[in-house]
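Please read this short briefing alongside the sequence and the 3D view.

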Amino acid sequence: MLNNKVIILLVLMFFIISVFCSDPDPVNDYCIAISEDNKFSCKNSSLATVEDFTFSGIKSPGNFKATGFTSMGVNSNVFPGLNTLGVSFVRADFDVGGVNVPHFHPRATEVAIVLEGKIYSGFVDTKNKIFAKVLEKGEVMVFPRGLVHFQMNVGDVPATIFGSFDSQNPGLMKIPNVVFGSEIKDELLEKAFGLNSKELSKLKKRFSPS
């Protein structure tokens, strides 16, 4: 049977892990950051206005014609009222056949609702099991924190989804860009994916940062 010291230690460890696995709770009603680079210094609350707590930047679709997909992330950098509240969101627009490539958010769970169109949507868990289906307007899917997920417009008209995150800064890592757009050695990538140097060069050119 566990003694009291071990129980106390386990409780403390659980508490510490819980704290570091989510955004900290705010200690004020709100904190409008003085600048984008300093989220810890707050504007005097007497100077806050309703404009600090409203955002109109995602009313219209983004320009997805060039690539078939576009997204607009909304965090405290563009919407000051979100600062310290532990939430953020995104609007994504898809042309017919448009794809949001496999990616993950290391610091947040995402809940996505289809506003328009039909979206093939899913994620893969750590046992390599896939959970995917076609979602239609008004349907919702959740992507657990840190798991790879994806979307594709399988309808015959443009589609839109709205995603919300339980973190002020969820992070975004697109698998193709992480693998082929970073400084991983060519030899490793060639062996890992069975590519020849010509094939790898094409992929690196496509996904390297512009």
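The points below are grouped by topic.

This is a predicted model, in which local features need pLDDT of at least 70 and side-chain atom pairs count only at pLDDT 80 or more, while totals for chains, interfaces and linings use all residues. Residues are numbered from 1 along each chain as its sequence is written, and side-chain values use heavy atoms, with hydrogens and water left out.

**His149 and its strands**

- His149 is found in strand 10; strands (E, at least two residues) are DSSP runs, numbered from the N terminus.
- Strand 10 (residues 148-153) runs antiparallel to strand 5 (residues 99-104), and three bridges join them; two strands pair if DSSP finds at least two bridges between them.
- Strand 10 also runs antiparallel to strand 7 (residues 118-124), with six bridges.
- His149 stands opposite His103 and also opposite Phe123.
- Is His149 buried or exposed? His149 counts as buried because its relative accessibility is 1%; buried means under 20% relative accessible area, exposed over 50%, and partly exposed in between, using a 1.4 Å probe and protein chains only.
- The side chains of His149 and His105 are joined by a polar contact of 3.4 Å. A polar contact is a pair of N or O atoms within 3.5 Å; within protein, one must be able to donate a hydrogen and the other to accept it, and residues adjacent in sequence count only if both atoms are side-chain atoms.
- Leaving out residues up to four places away in sequence, His149 touches several residues, including Val101, Glu110, Gly122 and Phe143; contact means heavy atoms within 4.5 Å.

**Loop residues with positive phi**

- Most residues other than glycine have a negative phi.
- Thr84, in the loop between strand 3 and strand 4, has a positive phi near 75°. Thr84 counts as partly exposed because its relative accessibility is 24%.
- Asn128, in the loop between strand 7 and strand 8 (130-136), has a positive phi near 70°. Asn128 is exposed because its relative accessible area is 65%.

**Lining of the second largest pocket**

- Strand 3 (69-74), strand 4 (88-94), strand 5 and strand 11 (159-165) each supply at least two residues of this lining.
- Strand 3 gives the most, with five residues.
- The lining has eleven nonpolar, twelve polar and two charged residues. Ala, Val, Leu, Ile, Met, Phe, Trp, Tyr, Cys and Pro count as nonpolar, Asp, Glu, Lys and Arg as charged, and the others, Gly among them, as polar.

Conventions: Helix = DSSP H or I, 4+ residues; strand = E, 2+ residues; numbered from the N terminus.
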